[in-house]
Amino acid sequence: MKNLDYLAAYLHNLTCAEAEIVPGAPYPVRFNGASTPGVFQSRLQEGEIMSVPYLLSYMERSHKSQAVQRVCLHHFGNIHALYGCGSDKRPTHRYLTIVREGRRVAYSSLTRAEQHYLDDYLALQHDSFTRQRSLFFDEGKEAADSYRIRLSDTELTELAGALYACDCIECLSGTPSRIGLTRFLAHSFHIAFPSNYATICKQLTQRNSATLFLDHLRKHFLMLLFSSPKSKAK
């Protein structure tokens with residue numbers, strides 16, 4: 001029963017987003033009862049470890065039954081749909097509740113420091129879910145890895161932004177978002193999601209050319225198309 005209590009607490013920390021503003025405290029934001037981002041991360045990691053036996057069991061059963069697999073993917077999809085990215089590239093949660101002195105307040109009313117801590121909590125929450133999903137319910141993880149994509153954090157962010165802007169994607173678990181697509185590409189390419197994602201997005205709009213990587217791709221694609229047959233053979 002104790003293990004089930006750990007699992008229930010972990011699911012609570014993945015699906016709930018209850019923030020309390022505590023003015024004057026060293027860490028002014030509590031999240032799902034955690035007093036600091038470090039405490040919240042510790043609880044998430046503990047939950048990840050304790051949920052391993054249950055997720056392994058479901059994974060093994062899903063390999064034998066497509067019905068079980070569909071159910072697992074459906075529930076993981078429902079959780080994933082809770083997360084998103086705001087217009088200012090900050091992480092969001094569909095049911096985020098922020099309370100100050102017993103009264104609900106809006107994110108925009110928080111100080112910059114309070115927003116920073118809340119964003120850290122939300123990022124930790126989504127990262128934990130992403131780790132579990134990629135470990136146990138990645139449909140493509142058993143395929144042979146014959147290739148590796150090498151992209152810098154800026155190149156990955158630029159590429160994802162271009163694909164998102166072209167409206168050529170579909171989110172199977174909810175409303176598509178630019179940060180969600182970037183996480184998907186990072187996972188698909190087996191590279192780390194940029195830890196400074198919001199900063200990179202801002203830098204893209206401030207540099208002389210916002211499409212350096214896309215221009216690089218276009219140049220070499222044209223070279224490939226119009227190169228000699230001898231060059232193509234190489």
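Which residues in α5 meet Leu-212, Phe-213 and Leu-214 in α8? In this predicted model, they are Glu-155, Glu-158, Leu-159 and Ala-162. The contact of α5 with α8 divides into five nonpolar residues, no polar residues and two charged residues. Helix α8 spans residues 212-226. Its axis lies 8 Å from that of α5, and the two helices pack at an angle of about 80°. Angles of 65 to 115 degrees count as roughly perpendicular, so α5 and α8 are roughly perpendicular to each other.

Helix α5 also packs against helix α6. Two packed helices are described by the angle between their axes and the distance between the axes. Helix α5 covers residues 153-165, and helix α6 covers residues 178-188. Their axes come within 9 Å and cross at roughly 125°. That angle makes α5 oblique to α6. The crossing of α5 past α6 is right-handed. On the α5 side, the contact is formed by Leu-156, Thr-157, Ala-160, Gly-161, Leu-163 and Tyr-164. On the α6 side, it is formed by Arg-178, Leu-181, Thr-182, Leu-185 and Ala-186. Seven residues of this contact are nonpolar, three are polar and one is charged.

Helix α6 has a further partner in α7. Here the axes are 12 Å apart, and the packing angle is about 110°. The helices α6 and α7 are therefore roughly perpendicular to each other. From α6, the residues in contact are Arg-178, Ile-179 and Thr-182. From α7, they are Tyr-197, Cys-201 and Leu-204. This contact of α6 with α7 holds four nonpolar residues, one polar residue and one charged residue.

At least two lining residues come from each of α4, α6 and α7. Helix α4 spans residues 112-136, and α7 spans 197-206. The largest share of the lining, ten residues, is supplied by α4. By type, the lining of this pocket divides into eleven nonpolar, nine polar and nine charged residues.

Conventions:
Residues are numbered from 1 along each chain as its sequence is written. This is a predicted model: local features need pLDDT of at least 70, side-chain atom pairs count only at pLDDT 80 or more; totals for chains, interfaces and linings use all residues. Side-chain values use heavy atoms; hydrogens and water are left out. Axes are lines fitted to C-alpha atoms, for helices over the stretch in contact, and angles run from 0 to 180 degrees between N-to-C directions. Helices (H or I, at least four residues) and strands (E, at least two) are DSSP runs, numbered from the N terminus. Angles under 35 degrees count as roughly parallel, over 145 as roughly antiparallel, 65 to 115 as roughly perpendicular and the rest as oblique. A crossing is left-handed if the near helix is turned anticlockwise from the far one by less than a right angle, and right-handed if clockwise. Contact means heavy atoms within 4.5 Å. Ala, Val, Leu, Ile, Met, Phe, Trp, Tyr, Cys and Pro count as nonpolar, Asp, Glu, Lys and Arg as charged, and the others, Gly among them, as polar.
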